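Subject: Structure handover and findings

Hello,

Here is the structure I promised to send over. Please open it beside this note.

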Amino acid sequence: MKARALFKLAARSVGRNARRSALTAAAMALGLALLIFSRALAEGGHEQWIDSAVRLGTGHVAIQAPEYLETGRIEHRLDSSEVARAAGALEAPELSGLVARWTQRLSVNGLASSAASALPVRVEGVDPEREAAFSTLPGLLQEGRYLEPGDKLAAFIGVELAHRLELEVGDRFVLTAQAATGEVEGQLARVVGTFRTGVQEIDEGIVHVPLPTARAWLAAPGAATTVAVLLASSRRTDEAVETLRARLDGDRGIRVLGWPEAQPDLESGVKIDDWGDGIFHTILFAIVALAILNAVMMSVLSRQREFGILQAIGLTGMDTSLVVFLEGLFLTAASGVAGMLLGFAFTWGFFRNGLDFSGMVSSEMEFSGGIIDPVIVPIFHFGQVLLSAVTIAIIGTLASLYPAWRASRLDVAEAMKFEQ
Amino acid sequence: MNNSLGPDWAVRTEDVWKVYPQEPSPVEAVRALTLEVERGDFVAMAGPSGSGKTTVLNLLGGLTQPTRGRIWIGGRETTAMNARDLARLRLEHIGFVFQAYNLLPVLTALENAEFTLLLRGIPDDERRRRIEHLFGEMGLAGLEDRRPAKLSGGQQQRVAFARAVAGEPALVLADEPTANLDSVTAVALLEIMQHLNQEHGVTFVFSTHDPRVMEQARRRIRLVDGSITEDVRSAPVR
């Protein structure tokens, strides 16, 4: 009964000063809405960075020889039986629905030479069909075509490389690299198509050739330096890595790496961005906390006589503080619900197709081997939204504690002198 | 009414002092107050502003503790109680009425009147029965659902008295309850206080400036500079 009385009093008091409550609730709701939008945008941005980088790089999960990550040398490759075991492991039933697609690559550092010039490049022997579905490069075709099954001497190069080597589609050039035998071997290639990412390093430094051609040229039949796996979601990387490690456990020639290990620059970049977001969100939370503290404190200070009456008719100091505390919680709860709805509505209503930052950048941006699309599509994660809501609830609770404590310490006789 | 707390007297004080530390010298708001109020009495306290009337009422109600001396409400010594026990005592045995702004603005007249009963866990039907009876007696029927802002000053004070006596307290302390009322309303309120005193045996101790209210009291105490200078018992002028 007592709890019911205090509950009723607190609930009515929130509605009593409607304007002040509404302003406070609006500040909190906007804060939470901004938080949800910002988190969704950050999630979307990170997912896009990761997706772009892993498609050009080694996938969400990379299956490689143990030393390859450190050396990048062809002698640390997977042989044909290891590639077959890795491919078999990827067909495991527990990975269905988790693995979106995979491809194998035989990559070496080499030299691309033409009559005009010579430039260092990263040559990647790829399966044209699998790579077309995996990598973003085939979609950035500038001229000609991408590699096709059956191609032998074909090469797909960036426009900057073509420009520096003065090559056009149909022209021939020579690739030179150290083969598995340890000998430096040359390979003639013909340009079948060019791509443009807008990122100088990529447009100048990547060459795709057919995997059989690369294997023959580098004397590594059936081999691959990386089996790259693309997952349905980057958030499930650990799950996929653990499953693959369990299935390939005991095979000393194989190492399974998640993208944070295989592409540590990317992970560092995401973490740094997360830190930046964290600072922004902390400031946002502090503003919200001050809004609650201000509203509840003002309410307490302007209602001293009312609290005096409550204690004069039999409430304890603790009871009075509970009323104030409940008011803060009601305000927080109402604002939290409003903020979440507003956050969802705003993000979904205006930016479901992405927020276009292209007006703010002059060209494509590169980040850790990936191309950053200036259009960021926000992504909601239930866990993130729940975390934001719980954080707001905790802040609301903490911000209500001090006014509640002040109310409990009231000098009743003095409070009764207070004019409403 | 169930207002028995013990002996025949409702209030007893023994050499009570209230001194506020202030520069350049402490202020003695109440000095050597020794007083006994019988159960069912109707006591008015008068005195100039600053004479200590409100402080005495606050001391009797346990809203503030004396600098020295002892106070009993019924048989219980309030000066030996902690804040929690004092709150319990006020809830169950003391009713308070103040000069103005008595009611909780977010509750209706009925909710204000029954608030202490709700805090005490009195069942719904019993609460409603008591409040309806009191509202009928005090001319408040039909105003149950109005918020204080929609009530006149006299109506608000009557609701405050209903709240004060609804819990059948041993003692009602009222600090200048008619001060903000016009003379007609003040007289009507006084009649209600007398009715509650005579019919329900409620003990009243109240402060007032109003000579007409003073005349109605059975016992009249005059305070000057925190001390009793006059204590007269007589039949009220009707």
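Below is what was found, taken by topic.

First, the ground rules. This is a predicted model, in which local features need pLDDT of at least 70 and side-chain atom pairs count only at pLDDT 80 or more, while totals for chains, interfaces and linings use all residues. Residues are numbered from 1 along each chain as its sequence is written, chains are lettered from A and ligands numbered from 1 in the order in which they are written, and side-chain values use heavy atoms, with hydrogens and water left out.

Salt bridges

The structure holds 34 salt bridges over all chains. A salt bridge here is a side-chain nitrogen of Lys or Arg within 4 Å of a carboxyl oxygen of Asp or Glu.

One of them pairs A:Asp319 with A:Lys2, with the closest N and O atoms 2.9 Å apart. A:Asp319 sits in helix α13 (residues 317-351) of chain A and A:Lys2 in helix α1 (residues 2-16) of chain A, so this pair ties together parts 317 residues apart in sequence. (Helices are DSSP runs of H or I with at least four residues, strands are runs of E with at least two, and both are numbered from the N terminus.) A:Asp319 is buried, at 9% relative accessibility. A:Lys2 is partly exposed, at 28%. The cut-offs: buried is under 20% relative accessible area, exposed is over 50%, and partly exposed is in between, with a 1.4 Å probe and protein chains only.

B:Glu111 and A:Lys8 form another salt bridge, with the closest N and O atoms 3.4 Å apart. B:Glu111 lies in helix α3 (residues 109-119) of chain B and A:Lys8 in helix α1 of chain A, so this pair joins two chains. B:Glu111 is buried at 12% relative accessible area, and A:Lys8 is partly exposed at 26%.

Within chain B, look at B:Arg127 and B:Asp124. Their side chains meet in a salt bridge at 2.9 Å, N to O. They are three residues apart in helix α4 (residues 124-137) of chain B, so about one helical turn separates them. B:Arg127 is buried at 1% relative accessibility. B:Asp124 is partly exposed at 38%. Both belong to a network of salt bridges that also links A:Arg4, B:Glu114 and B:Arg128.

Cavities

The count is four cavities of 30 Å³ or more. A cavity is a set of points on a 1 Å grid over the protein atoms alone where a 1.4 Å probe fits but cannot get out, and lining residues have an atom within 4 Å of a point. Points are joined across faces, edges and corners, and a volume is the space filled by probe spheres set on them.

The largest cavity holds about 80 Å³ of space. It has 13 lining residues, with B:Ile94, B:Gly95, B:Thr116, B:Arg163 and B:Ala164 nearest its centre. In chain B, α2 (83-93), β6 (94-97) and α5 (153-166) each give two or more residues to that lining. Six lining residues are nonpolar, three polar and four charged. Here Ala, Val, Leu, Ile, Met, Phe, Trp, Tyr, Cys and Pro count as nonpolar, Asp, Glu, Lys and Arg as charged, and the others, Gly among them, as polar.

The second largest cavity holds about 50 Å³. Its lining includes A:Ile36, A:Arg39, A:Phe380 and A:His381. In chain A, α2 (18-56) and α14 (382-408) each supply at least two lining residues. The largest share, four residues, comes from α2(A).

Backbone

Most residues other than glycine have a negative phi, and most peptide bonds are trans.

- The peptide bond from B:Glu23 to B:Pro24 is cis, with omega near 5°. B:Pro24 is in the loop between β1 (9-20) and β2 (27-38) of chain B.
- B:Asp15 is not a glycine, yet has a positive phi of about 50°. B:Asp15 lies in strand β1 of chain B and is partly exposed at 35% relative accessibility.
- B:Glu168 also has a positive phi of about 50° without being a glycine. B:Glu168 lies in the loop between α5 and β7 (171-175) of chain B and is partly exposed at 23%.

Best wishes

Conventions: 1 Å grid on protein atoms, 1.4 Å probe; cavity = no way out; pocket = protein on both sides within 12 Å on 5 of 7 lines; lining within 4 Å.
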